[in-house]
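Visitor: I would like to go through a structure with you. Could you show it first?
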Amino acid sequence: MRLKFPQFFVALLIIGALSLGGCTKNTVSSTTSPTATTTSTSETTTSTTTKTISESIPGIKGLPLLNGKATVVMTVKGSPITIEVDGINAPITAGNFVDLVQKGVYDGLAFHRVIRDPQPFVAQGGDPQSKDRAFSVDKLGTGGYIDPKTGSERLIPLEIKPKGEASPIYGKTLESAGVNKPPELQHKQGAIAMARSQMPDSASSQFYFALADLSFLDGSYAVFGHVTEGFDVVNKIQQGDRIDSAKVTQGAENLKTAQ
């Protein structure tokens, strides 16, 4: 039976991520058998997409980009969660996540927002401030990844690829872009997506797992992969639980830089 979610659930997700861009100085217009292989067609598409992004959105050059797929194993309370990260359909969003995993950013971070009642919704984490156990719990959800090279928060554009299209749409929800097609990557149970504020291009490091099918979020938030093993572990995550570690086990060679 399809779950019917109250409208306030959307507000909870937005409110939770609102402050994600609240302390940001830089605002651009704006929650197993994995494979690490890509076909030449996918590589060409990704290369073309990267060029288009670089030309249309200032500051995108130099962002991580995943040219294919990768596998990330995230361990929570000693139990593994295997995630297939999809750089074919979400190259910049997936590249950002894999790069942060490689840098060890997620190790030790807490899930600061877990909503199951009255219906399963999301388990959200990835605020770097949560590594400090003395940091105020009330302020968690306000942080993003500060790039040590620039001293500024790294923001990535909203990236959603409509089904059947060659490349994603950037900086807009599908609705605001006038697109009626569903996205390639949807909020099915076990999906992983980027949290953001109301500004489309405000995602940084915070992500969320979909605890149920959340089709009402499709086209508004960027899904970049899904859990292939260990959803039972995801389903047991409690608010305050921490990520022991996150490691790229396949596809690290697909991580590139947008030119």
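Visitor: Is T173 buried or exposed?
Guide: T173 is buried, at 16% relative accessible area; buried means under 20%, exposed over 50% and partly exposed in between, with a 1.4 Å probe and protein chains only. This is a predicted model, in which local features need pLDDT of at least 70 and side-chain atom pairs count only at pLDDT 80 or more, while totals for chains, interfaces and linings use all residues. Residues are numbered from 1 along each chain as its sequence is written, and side-chain values use heavy atoms, with hydrogens and water left out.
Visitor: Which residues does T173 touch?
Guide: Leaving aside residues up to four places away in sequence, T173 touches L158, R196, G219 and S220; contact means heavy atoms within 4.5 Å.
Visitor: And where is T173 found?
Guide: T173 lies in the loop between β9 (169-170) and β10 (191-194). Strands (E, at least two residues) and helices (H or I, at least four) are DSSP runs, numbered from the N terminus.
Visitor: Turning to the sheet, what is the strand order?
Guide: The open sheet of eight strands runs β4-β5-β11-β10-β12-β3-β2-β13, with antiparallel pairing; two strands pair if DSSP finds at least two bridges between them. Its edge strands, β4 (111-114) and β13 (243-250), each pair on one side only.
Visitor: How many bridges join β5 to β11?
Guide: Four bridges join β5 (residues 122-125) to β11 (residues 207-210). Within this pairing, Q124 has Y208 in β11 as its bridge partner.
Visitor: Last topic: is G78 buried or exposed?
Guide: G78 is exposed, at 58% relative accessibility, and sits in the loop between β2 (69-76) and β3 (79-86).
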